[in-house]
Amino acid sequence: MNQLETILSEISVVMKRINVQDIEALSLILQEERRIFVIGEGRSGFMAKSFAMRLMHLGADVYVIGETITPSISEGDILVAVSGSGTTQNVVWTTEKAKSIGCHIIAVTTDTESPLASYASLIIHVPAATKYRKAGEHTTIQPLGSLFDQCTHILFDGICLEYAARKQVSHEQAFQKHSNME
């Protein structure tokens, strides 16, 4: 098997272990017409930002924590927090603060016992290896948290497909929200 086939195989193993009911639950939460905020650091942050962009294309009221145009978060808003380890300091601190304000917290992590997960009302468990290699993780040929990042991206695309179907947003409608400044 070549490296690309190995990577695809690793992704497949992880994706088959994600609870499909969690994807449906998150899709239901996201369609409640509340504001959605996302946060993550590093590559997890890129996955969170790509999720926010896709949700924006689908008509959601969505923001990225840390961007200069992001408004204050309020009670009843949704925070989707992404951290493979569940211990990324800024993500955990922000999640703790959002929880104290009364936000609905969604944690996307490999560790369901992590500090991040402790604040969540819904935990999306992505059972992939991260940079901290723990006993019991599925082995990977990839460095650091690549497998978590790849699986999280695919997970978010699956959630967006479910969201679009529930909101009846077509490709053509999503394309109308795509940037026209390129």
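Colleague: What should I know about the model before reading values off it?
Modeller: It is predicted, with local features needing pLDDT of at least 70 and side-chain atom pairs counting only at pLDDT 80 or more, while totals for chains, interfaces and linings use all residues. Residues are numbered from 1 along each chain as its sequence is written, and side-chain values use heavy atoms, with hydrogens and water left out.

Colleague: How much space lies in the largest pocket?
Modeller: About 310 Å³, where a pocket is an open set of points on a 1 Å grid over the protein atoms alone, fitting a 1.4 Å probe, with protein on both sides within 12 Å along at least five of seven lines, and the volume is the space filled by probe spheres set on the points.

Colleague: Which residues are closest to its centre?
Modeller: Of the 18 lining residues, those are R43, S44, K131, G145 and D149, lining meaning an atom within 4 Å of a point.

Colleague: And what is the volume of the second largest pocket?
Modeller: That volume is about 260 Å³, and among its 13 lining residues R54, H57, L58, H171 and A174 lie nearest the centre.

Colleague: Switching to helix 1, which residues are buried?
Modeller: With buried meaning under 20% relative accessible area (1.4 Å probe, protein chains only), they are T6, E10, I11 and V14. Seen down the axis of helix 1, these fall within an arc of 135 degrees, so they line one face.

Colleague: What is exposed on the other side of helix 1?
Modeller: L4, L8 and K16 are exposed there, exposed meaning over 50%.

Methods
Helices (H or I, at least four residues) and strands (E, at least two) are DSSP runs, numbered from the N terminus. The arc is that of the directions from the helix axis to the C-beta atoms.
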